[in-house]
Amino acid sequence: MKHKDLSQSLPLSIVIFLMCVICLSGCRKEQEWHAFHYDSMRTSSQPKSTALSDPAKVPNLAVRWTWTAPAPGPGGNAGFRASPVVNDNIVYIGNGNGFFYALNGDTGALLWQYPSAGSPALVTQFQCNPSSYGIASSAAITDINGTDAVIFAAPDQSIGMHLGDGRLFALNAKTGAEIWKSPVIARLTGLTSGSKTEFHENIGYSAPVVFNNHVYVGIGDQCDNPIQKGRVVAVRLDTGAIDPAFSYCSTGTCGDSTRGGGVWSPVSGAGQNVYMTTGNTKSGSPTEPSPNNGLSMIKLDQNSGAIIWKFQPVPWILDGDPDWSAGATIMSTSCGKVVISTMKDGWTHALDDGPTVPGPPSRRWTFPPATIPFTPGDGTTHGDTRYMRGGAAWGDVYIAMNGGLNLTVSGVLGGYRRLHAFNVCAAEADRLRWLIDVPGTSPPNPFQRYYLGHPTVTNGIVYVGTDLGHLVVIADPSLVPAAGFRCSNPDVTNANCIASGYKFVPQPAVLKDIPLSGRMVYNEPALANGRVYIATEGNNVYMLSP
Amino acid sequence: MNIVKGRFMYFTLFAAFSAAGSQMACGSRGSATGPLPPPPPPEQLKLSDYQPQKAFVQVSPGLSTRSVFVVEPTTKDPYHVDVLDILVAPGKEAVSVPVQGAGVFEVRTGSGTVTIGQKSQDLGTGSTFSLAEGEALKIAAKADGPIALRAYVVKVP
């Protein structure tokens, strides 16, 4: 009887063993950093508790290795504008020199590069700002027919007009061998400045997202020379072929000559939908295109690209080029699914995700508070300013650059060095959770526009890079007592705060401020397996751990 | 029947321990968080060392101002131009705003009421109004928040 029990239990044990393996595998994947901003919802949040989320261990954070990319060849530029992704302890990142690298996560040793050394770099002949320097788009990790794969976007002079059309590459994550290369996605058909007969499309910073067995990526332009028609393209994950069933264009019809609404930001995916934000349409155009989906946060059907809703806070008449550069973060909160992003003009907008059927979006709040849409004469301005970085989501808290309560009075400059944390679901009076002028940044300067990179968060511990090459770690005041309290309006002294009608909010504690080499204003710290991986414009990739 | 029950219990317990073990092995998920508790009372409040670059200075209860830009008169242009920001706290009473000259005002944020002499006008973001030299100016902010204005004041000394 006993023997019989054991034999009957054997298959059960195998099932349990397999369950454990699957469980551990899933948990290991979750601890890694598989996409720009962590996941398809672009939460920029590592949900697993590790040493990086332990305030007692963070002060021990130190550089464990540094890897420097080779100097650029012809057509290349030094520096990393992309951010690392991490899978199976391998770090993947593209460089301005036009090469894509896989590094050993433990040692920083180069495992492989693409293209191979001596091959032509992935660079474009139309170079006007860092979005067109080599590989500026961050990668995504996925599984293609049972093989771990890494997907990234880059210009490629081997196709099209041989000038550097943008396309997607899928490589075997272990070996760097090609799995597929997409057809041309961003067209570059000439180099004539200002030409309206040539295509000057660019993938730029729009990191691909893997979602719904497709890879979605946004199309912008080459530094508005001139602006192009913004698009989102979907390719099939298994083959890299463009899916003709999905179509999204920001202005008019996909075939007409209207232009604008570039998709500079990373596309997001959640539920049955794709989300993105768009750039301006007014530049160089005497009349408003119809439809005009520029300067909008948009929810699309994942299969067709049809618009479910569009939120356009800045109408065409006020379009002073406040391109929406931060993508949409999809937050799962106690008040439901919230879609949130900060526009380049400094206002952060939070929307209820709403149903999947077409209809107007429901705005939850805007900060600083404003009447939306903005209207001529309302005292607001919406220009080409620099609130461009994505935010980080932690439970009901959203952490991001924001213009602050003094935005309309003092202008945009003061907020460039500042992070705000918002209680997404709270009442208006409790919206602002904390704010901090991040240390390790340059002093305020009216001629400087970039101070901070994209913040990331793990269980309330915030990581952000700065223009002076510092990695700064900040603790939510629920975890570590605040350094002190300050007035919610940055222009009002503490002594005058309450009397002026504002309130005190915490200034969170800085747990660590580590100087590295090179600006980190385009980059995000990837928080994987208890380690921080971050790249800089100084051409270095760093691994830090407590 | 008992044997089947026993096996089921064994399986359930083993699966539960396995799941818990694997969670411990890779770290737990942090919990979401709501708003922070309110700040402590003023006497216990530890203030940060943050100092605004161009702070508003309180000139009377409920009224703060700051100078943005000043043009001194010259023999060629005998005008003194003072660009200043005005911040009025929310409250029931309108505050007197001393202005040295004639001015043009623009509401930058908030809403309230302006009274010039005996005339009153509602204000909202983007509203503008003017003031002749020597007129008395009073501004009230609505109860829900302060009102901030930018003033361009001109005077011939």
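I began with contacts in chain A: among those between residues at least 6 apart in sequence, 63% join residues at least 24 apart. The model is predicted, and I read it as such.

**Chain A, overall**

I counted secondary structure next. Chain A holds 2 helices and 35 strands. I then checked its radius of gyration: 23 Å, close to the 24 Å that the globule rule gives for 546 residues, so chain A is as compact as a globular protein of that length. The C-alpha trace spans about 85 × 60 × 50 Å along its principal axes. For burial, I found that 59% of the 546 residues count as buried.

**Hairpin in chain A**

I looked at strands β17 (residues 297-301) and β18 (residues 307-311) of chain A. They run antiparallel and are joined by 4 bridges. A:M297 has A:F311 as its bridge partner in β18(A). The hairpin has 5 residues between the strands, and A:G305 takes a positive phi near 85° there.

Which residues does a cis peptide bond join at an omega of about -5°? They are A:F367 and A:P368. I placed A:P368 in the loop between β22 (362-367) and β23 (392-394) of chain A.

Then I turned to phi. A:S44 is not a glycine, yet its phi is positive, about 55°. A:S44 sits in the loop between α1 (2-31) and β1 (62-68) of chain A. Is A:S44 buried or exposed? I found 31 other C-beta atoms within 10 Å; the cut-off for buried is 20 or more, so A:S44 is buried.

A:D321, another residue other than glycine, has a positive phi near 80°. I located A:D321 in the loop between β18 and β19 (329-333) of chain A. A:D321 has 18 C-beta neighbours inside 10 Å and counts as partly exposed.

**Sheet in chain B**

I traced an open sheet of 6 strands in chain B, with the order β1-β2-β3-β10-β5-β8 and antiparallel pairing. Its edge strands are β1 (57-60) and β8 (128-131), and each pairs on one side only. Neighbouring strands of this sheet are turned by 30° against each other on average, direction ignored.

Strand β5 (residues 102-109) of chain B runs antiparallel to β8(B), and 4 bridges join them. The bridge partner of B:V104 in β8(B) is B:S130.

How values were computed: Residues numbered from 1 in each chain as written. Chains lettered and ligands numbered in written order. Predicted model: local features only at pLDDT ≥ 70, side-chain atom pairs only at ≥ 80, totals over all residues. Pairing = 2+ DSSP bridges. Axes fitted to C-alpha atoms, helices over the stretch in contact; angles between N-to-C directions. Rg over C-alpha atoms; globule rule 2.2 N^0.38 Å. Buried ≥ 20, exposed ≤ 12 C-beta atoms within 10 Å, placed from the backbone. Contact = placed C-beta atoms within 7 Å.
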